[in-house]
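Hi there,

Here is the structure I promised to pass on to you. Please have a look through it, and then read on for what turned up.

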Number of protein chains: 2
Amino acid sequence: MRIFKIFSSAAMLIASVASANAQWEALPKQAPVPSDNPMTAEKVELGKMLYFDPRLSSNGTVSCFTCHNVMEGGDDHRPTSIGVHGQAGGRNAPTVWNAAFLSTQFWDGRAATLEDQAKGPPANPIEMGMANLDATIERIKNIPGYKKYFENAFGGAASVNIDNAAKAIASYERVLITPNSAYDKYVNGDKTALNAKQIRGMETFASTGCIACHSGANFSGPTLPTGTGFFQLFPTYTNNTYVTTYQLMDDVGRMSVTHDQKDKNLWRVPTLRNLVYTAPYMHNGMVKTMDEAVRVMAKTQLAKDLTQDQVSDIVAFLEVLTGEFPEQVMPRLPPTPGDLLE
Amino acid sequence: MRIFKIFSSAAMLIASVASANAQWEALPKQAPVPSDNPMTAEKVELGKMLYFDPRLSSNGTVSCFTCHNVMEGGDDHRPTSIGVHGQAGGRNAPTVWNAAFLSTQFWDGRAATLEDQAKGPPANPIEMGMANLDATIERIKNIPGYKKYFENAFGGAASVNIDNAAKAIASYERVLITPNSAYDKYVNGDKTALNAKQIRGMETFASTGCIACHSGANFSGPTLPTGTGFFQLFPTYTNNTYVTTYQLMDDVGRMSVTHDQKDKNLWRVPTLRNLVYTAPYMHNGMVKTMDEAVRVMAKTQLAKDLTQDQVSDIVAFLEVLTGEFPEQVMPRLPPTPGDLLE
């Protein structure tokens, strides 16, 4: 997996270039789909069921939905998530909304695809607590009602396997996109979609340099090949109180995956869409408001102290990145045999 | 609150009468509605949001939905439920489906109405863990997006209060009913809706005496005034191994509410609808299969040892009490301020 760090320490310089050539992109109406997992209604249906099913966790209490609540911002509105047995994880749950546009998954990019990501939490002892992925698929097999949905989606009696489960969940996640924000409408030509303050915020977002990293349709960096992460050093400028106040260097980020010192405090650049729904902010959920998050980022990544007006304008712009959430019908989950959970 | 125990120790005698006059009732298409909380679409909408909102619990992880999963059987498919901080409760989560037809709520009938019931779990330290109901409504007030939904449902700026929250949740629960089971169709005149085995099971259910307690459209006893519980002694016959194997007398039941010795091991008669979805069974979730539940009930309540054929027929009948679950659109929950949860 290649690592893009081209902006990291020279962020200000690059930023000034970026602002001049700011390319504003609307979110596509459809997410990219890998050739080995084409979208079908049957996969999305099964994936939605699995996504909402807490029986994929050891004690039947934690589903994908628990920490990635699609009824709100696709996260869990907590600083860090709570898994089975009340255990707290170490990082803020990234939103599942528009995750399909990211070229790597997890804050540290340790999964290349949504399919790979889906196989992470079930066997994580803090998250869903299953012994391993074999135990996870065994659990699914022990819910007989799932069989026909796997067969409908993948064909064949042997279709209940962990790869297919992950493909189904990923397929469901690829419909979790939020186009048609006021920003998208504006970029697509509706000049009445934003007011003067929001447009000023958009310009300040570019001229300040935020867009150097938060570029592209998803504000999470340039479009890269799947598995190629767009990582940045955070914090870049460490001589400020935010770094200690918000414990920004306590977690080594991508280095926890690669064990390579050069990856210390590198993080995948997150989307800025739907931030209205995803407080608190940062990889550790320590920053509570969008205003403060903007100040923290300007100082730590661009060495800039923004005025309150600049902060207010940028936040007004970030607020119009709130998209339309597709109406979703609740899945019906198959019945539980009485001896499924002890 | 009056207590109906008329059947308890004379169950067999009454049962033989009941079987002769078995009145088979279909589930009404609408649940009863109290005069002080008429149904409106606005209340149902707000109630659905609150029902699915884990922010009503202390650490933001447990909602009504967590233990009463309407995507499945309206329970949590666990023996007993898990609340905040991984704490296990003492009783099996009763299904929310068709709870609107019950004249009292909770296994021990400690709430007269759905409105009263809704005020129980939030301030229960094991369930949702809020300090009290004041803290619960404070939490809701701290999510500004709820205000307009309360005003739409109840009118007035002071409408965000715990009574209205409970009324809204109860209104949502009153749409959670499952008519049109094969049984209902049969009772309504479609004689092809059940096969010979299912009809035989229906007759055995009556002749064995099950219907003495599990009577009425909801198979949870006769229609009684709201707040009037239909309680039964369970186990009635204690000289059998089921009582010890399944620890049936460890929980004193209604006596835990009244502290009256005569209420020891008295329980509200639960519905038998949708049992396919609600394993494991009994107030403590100790009985894993419907077959075994039928054997346990026949022995402990009717002093009868059923043949395997009788058990199989009764279970075939119970299976056709599975109704149609109304299609539900997921609610959209309002955004979280970043300082809502610590």
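How many residues of chain A are in contact with chain B? Before the answer, please keep in mind that this is a predicted model. The contact involves 36 residues of chain A and 36 residues of chain B. On the side of chain A that touches chain B, 17 of the residues are nonpolar, 11 are polar and eight are charged.

The symmetry comes next. Chain A can be superposed on chain B by a rotation of 180°, with 0.0 Å of shift along the axis and an RMSD of 0.0 Å. That is how a two-fold axis relates its copies. Of the interface residues of chain A, 100% are also interface residues in chain B, so the two copies meet through the same surface.

Now for the inside of chain A. The chain is divided into domain 1, made of 11-29 + 179-319, and domain 2, which covers 41-173. Between the C-alpha centres of these two domains of chain A there are 27 Å. Where they touch, 32 residues of domain 1 of chain A are in contact with 24 residues of domain 2 of chain A. On the domain 1 side, the elements giving two or more residues are α11 (255-258) and β2 (266-268) of chain A. That side is made up of 14 nonpolar, 14 polar and four charged residues.

There is also a helix pair to look at. Helix α9 (residues 196-208) of chain A packs against helix α13 (residues 308-319) of chain A at an angle of about 105°, and their axes are 7 Å apart. At that angle, α9(A) and α13(A) are therefore roughly perpendicular to each other. The residues that α9(A) brings to the contact include Met202(A) and Phe205(A), while Ile314(A) and Phe317(A) are among those from α13(A). By class, this contact has five nonpolar, five polar and three charged residues.

Is Tyr172(A) buried or exposed? With 27 other C-beta atoms within 10 Å, against a cut-off of 20 or more, Tyr172(A) counts as buried. Leaving aside residues up to four places away in sequence, Tyr172(A) touches Val44(A), Gly47(A), Lys48(A) and Tyr51(A). The C-alpha atom of Tyr172(A) is also 8.0 Å from that of Leu46(A), although the two residues are 126 residues apart along the chain.

Happy to talk any of this over.

Best wishes

Methods: Residues numbered from 1 in each chain as written. Chains lettered and ligands numbered in written order. Predicted model: local features only at pLDDT ≥ 70, side-chain atom pairs only at ≥ 80, totals over all residues. Least-squares fit on C-alpha atoms with pLDDT ≥ 70 in both. Contact = placed C-beta atoms within 7 Å. Nonpolar A, V, L, I, M, F, W, Y, C, P; charged D, E, K, R; others polar. Axes fitted to C-alpha atoms, helices over the stretch in contact; angles between N-to-C directions. Helix = DSSP H or I, 4+ residues; strand = E, 2+ residues; numbered from the N terminus. Parallel < 35°, antiparallel > 145°, perpendicular 65-115°, else oblique. Domains from an automatic or database assignment. Buried ≥ 20, exposed ≤ 12 C-beta atoms within 10 Å, placed from the backbone.
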